[in-house]
Amino acid sequence: MRKFRRDWSQEDYERRQGRSDYRHEEPQTSYSYRGGHRREEVVTPPLDQSASGSSMATSVDFKTYVDQACRAAEEFVNIYYETMDKRRRALTRLYLDKATLIWNGNVVTGLDSLSNFFEMLPSSEFQVNMLDCQPVHEQATQSQTTVLVVTSGTVKFDGNKQHFFNQNFLLTAHSTPTSTVWKIASDCFRFQDWASC
Amino acid sequence: MESNNGGGCPQGKKKDDEDSLQGKFDHGNFHYEHAVGELLSSNLQEDRNRMMRDVHENPQLRRSMECHYEHQDRILPEGAVTANTDNEALRKLFKITIPYGIKYEKTWLINSIQSYCSVPFTPINLRYVRNQVEFFVQDASTASTLEDINYKIYDEENQKISILVEPSTETHSVQTNLKPEQMEVLMLTMNKRYDVSQKALDLQSLSFDRDLVGHETDMILDERKCMTAALQIIEKNFSELLSLNLCNNKLYQLDGLSDIIGKVPKVKILNLSANELRTAWELEKVKELDLEELWLEGNPLCRTFPSHAAYVRAIRNCFPKLLRLDGKELPPIAIDMEVPEIIKPCKESYKGSETLKSLILQFLLRYYVIYDSGDRRGLFGAYHEKACFSLTIPFNCGDPFLWEYFKYSRNMKKLKDPYLRRQLLKHTKHDIVNSLSVLPRTQHDFSSCVVDLCFQTEMMLCFSVSGVFKELEGKSPGIVRAFTRIFILASVSSSSICIVNDKLIVRNASPKETQSAFSTPLPSCFSSSVPTLSQEKMEMVKAFSTQSGMNLEWSQKCLEDNEWNYATAAQIFTMLQRQGRIPEEAFKQIP
């Protein structure tokens, strides 16, 4: 931690002073700006649209993208795994219509197939120990704001032994004037020990 | 949590703990009862459970409840709390915890520990709390012997089993026996309920049995001491028991029943219907029984499955030889296998085009040839100007510690500071290549790699690669690590692609992964067939053969697998040769 101190600007220093606030700033499962949204939706405040499309992407804009990606990722992960464990039937609401799931190498595409798949999957108990995210560059997404979310941890499916897993998602943003709803475009899941299953 | 126990704990503080527990657990959450038990003595805990459930039904309980509420705020129950204090011994106890103990068969675990322990010991009140096994032992010498065994026992996956020992501040009474008079009454009652011809014991609704109620004996089978007593009687008098009916006994857990395996292992029929079992995990505690018939209906756990079929499959997974569930014959296993409950993991995931597959493989080979070469600055051209990269290692990564990666690891579950979160996300291609150059030198094993194609559009490709690599320098040179890397590639022009996002996860390889690493002599790319060639291609093959020393056949294969890109093929060849993975026959000249 100390290593970074000499790189701080005044702005950073001031922010650091208030650092203790950030530690407790878990993103709330945001009922305040939900309006009519149900709880199985990943919602964040509206995106800062002013900088999009600009080819002069300055570092300030990038910071905003990173912060926004982090917020979306954290909220998403909380909702996703809770829904998976406790309200499995509602899980498909988090996916786009044409989303694809790759589950230990098996491909499942489209909401109907996803519904069937999640129905068949035994009840789960997930424990997420690692979470990271990156904003996806617009070169790849052509102005559709996208976030790469990566998680890992352990999972126990009923009747099966516990496994370590790795999972990554591509979330895309769909904006309304008052909020942004994030949906899963792709979901890739694998047990770490898949080869010996 | 434990430090809050002990005498002299102020009332107010304890109330806070209980309130915060209330807040943390949903009502009806199975774990609430056990968590509360951490704060209270186990006797008090069982009595509290009883209070919460049965107060209206049992007049005796109402009496004892009044007594308990008076003492509710005391941690240490003084003498007259329960009616059965005569046999209690106030001893110093030690609590033994085995994290992740639920993974192991109970008898294997206890026997393993016993085999390492010079002193014979009896685990008292063995129970499962979440994924831990907990039990108590009664004296300090046993406890310290057990403490010495910590990390000495290896399980089937070669992981060390940790055994944590702490003095139990629950200096409560541990009553493991009923009074002799109570045992007598119980035995008579059970005899009446035993059917010799069927070798069946019917303990349905035992707590309401007239004989027991008449004698003021509270036979609550959910309580440890009662279940233990019942099992003792069964072991002694009904050792050939085949069928046990525990219907309608308000069983919330089966910790006490897990001893049945050592006592009457021949039980084939078990009726647990109309109880309060909330998860199928409970059944794991008795899964060593070879059950043929099982009744579970009327338990909350039956409603937790998405479908009846899923419920049946889960139960059968626990008891593979089961023939009848809830009174219905189960179809033979063979039919069920067509619909496996968890789809079998497989290696290949893209049924898409071969071009895409080879594009990805090409990319990976080119990337890793440079990555493993010792100078990663060659990767500069692979990245977009404003690409992103980050790296993470698991929180509990075990032995040996991933020193060289630790300070760059970005895990938002642990790291909350937004400034640091931004710092650890490398942004431009300069920063990225610099960061990569600092990581230890590696050698990747391509035959171990599996690729999942996550997403594709005309503009982008997102895929993940998982496999193993050897670390060639650093604190543990030669060690095998496992990795997962997610690449997002974007097309920059009609002919070129570059990396826009790069995410690396590094962890220690499991023993199995380490063993099978680098064991396959050749990567799969050297396995295609040999069609006829054009003149130009013939020339390439000859040149390649001269330069590499391989015969024409192998040279051709190598070029084909690399889309006739001479430079790439040469790089691949050089790399594999350096790794010593090209067999001799590739160099044999055909006469």
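Biologist: What is the relative accessible area of B:Lys263 in this predicted model?

Modeller: Buried means under 20% relative accessible area, exposed over 50%, partly exposed in between (1.4 Å probe, protein chains only). B:Lys263 has 24% and is partly exposed. Residues are numbered from 1 along each chain as written, and chains are lettered from A and ligands numbered from 1 in the order written. In this predicted model, local features need pLDDT of at least 70, side-chain atom pairs need 80 or more, and totals for chains, interfaces and linings use all residues; side-chain values use heavy atoms, without hydrogens and water.

Biologist: Which residue forms a salt bridge with B:Lys263?

Modeller: A salt bridge is a side-chain nitrogen of Lys or Arg within 4 Å of a carboxyl oxygen of Asp or Glu. For B:Lys263 the partner is B:Glu235, at 3.8 Å from N to O. B:Glu235 belongs to helix 9 (residues 224–237) and B:Lys263 to helix 10 (residues 260–263) of chain B, so the pair ties together parts 28 residues apart in sequence. Helices here are DSSP runs (H or I, at least four residues), numbered from the N terminus. B:Glu235 is partly exposed at 36%.

Biologist: Where does B:Glu134 stand, buried or exposed?

Modeller: B:Glu134 is buried at 2%, and B:Arg127 is buried at 7%. Their closest N and O atoms are 3.0 Å apart in a salt bridge.

Terms used: Helix = DSSP H or I, 4+ residues; strand = E, 2+ residues; numbered from the N terminus.
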